[in-house]
Amino acid sequence: MALYAISDLHLALNVHKPMDIFGERWLNHDEKIKENWIRKITDEDTVLVPGDICWAKKLSEAETDMNILRNLPGKKVLLEGNHDYWWTTAAKFYRFCEENGFPDLYLLNNNCYFYNGIALTGTRGWFFEEDAPDGSHNDKIF
């Protein structure tokens with residue numbers, strides 16, 4: 001039983017957002033992810049996926065990409081990334097998972113996930129250099 005992390009999957013099976021515009025090494029990147037995942041991860045493992053999971057804009061568009069995750073070994077703990085436009089609320093996500101048969105997808109969303117006595121938590125990154133002169137840019141976060 002091990003803990004792994006992988007981010008920036010940028011899956012796009014249900015939307016037109018080809019990643020190979022960033023070069024040939026991105027050709028079939030979803031297949032490469034699956035092959036490497038299956039080679040390394042077992043059903044007893046947990047995989048933290050901290051953001052940029054897929055390019056879907058709505059949760060319903062994310063079903064094909066979530067199905068890829070569902071069919072990969074291990075429990076998956078998801079954290080919202082800046083490109084996860086499909087992310088809405090935890091309640092909607094868990095209802096979506098129940099309706100579509102995704103039993104081992106969990107969210108880090110104002111909560112934590114316990115792994116062998118360790119609490120996994122997370123939040124989006126924040127840049128202080130983007131702060132407004134009066135400090136108001138960070139008010140909502142802090």
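**Close-up views of a predicted model**

View 1. Let's start with Phe-93, a residue with a relative accessible area of 2%, which makes it buried. Bear in mind throughout that this is a predicted model. Trp-86 is buried as well, its relative accessible area being 1%. Across the structure there are seven aromatic pairs. In one of them, Trp-86 and Phe-93 have ring centres 5.9 Å apart; their planes meet at 40 degrees, so this pair counts as tilted. Phe-93 also pairs with Phe-96, again in a tilted arrangement, with 6.3 Å from centre to centre and 35 degrees between the planes.

**View 2. The largest cavity.** Trp-86 and Phe-93 turn up again here, joined in the lining of the largest cavity by Leu-59, Trp-87, Thr-88, Thr-89 and Leu-107. Its volume is about 40 Å³, and the model has one cavity of 30 Å³ or more.

**View 3. The largest nonpolar core.** In soluble globular proteins, nonpolar side chains tend to be buried together. The largest nonpolar core in this model has 25 residues, and the members touching the most others are Trp-37, Met-66, Leu-69, Leu-78, Trp-86 and Phe-93. At least two residues of this core come from each of α1 (29-40), β2 (46-50), α2 (63-70), α3 (90-100) and β4 (105-108). Another core, of seven residues, lies apart from it and includes Leu-48, Leu-79, Leu-108 and Tyr-115.

**View 4. The surroundings of Leu-69.** Which residues does Leu-69 touch, not counting those up to four places away in sequence? They are Leu-9, Trp-37, Ile-53, Lys-76, Leu-78 and Leu-105.

**View 5. The second largest pocket.** For our last stop, we visit the second largest pocket, with a volume of about 150 Å³. Its lining is formed by Ala-12, Leu-13, Lys-17, Pro-18, Met-19, Asp-20, Trp-26, Leu-27, Asn-28, His-29 and Asp-30. Sorted by class, this lining has six nonpolar, two polar and three charged residues.

Notes. Residues numbered from 1 in each chain as written. Predicted model: local features only at pLDDT ≥ 70, side-chain atom pairs only at ≥ 80, totals over all residues. Heavy atoms only, no water. 1 Å grid on protein atoms, 1.4 Å probe; cavity = no way out; pocket = protein on both sides within 12 Å on 5 of 7 lines; lining within 4 Å. Points joined across faces, edges and corners; volume = space filled by probe spheres on them. Nonpolar A, V, L, I, M, F, W, Y, C, P; charged D, E, K, R; others polar. Core = buried A, V, L, I, M, F, W, Y, C linked by side-chain atoms within 4.5 Å. Buried < 20%, exposed > 50% of the residue type's maximum accessible area, 1.4 Å probe, protein only. Helix = DSSP H or I, 4+ residues; strand = E, 2+ residues; numbered from the N terminus. Contact = heavy atoms within 4.5 Å. Phe/Tyr/Trp six-rings, centres within 6.5 Å; stacked < 30°, edge-to-face > 60°.
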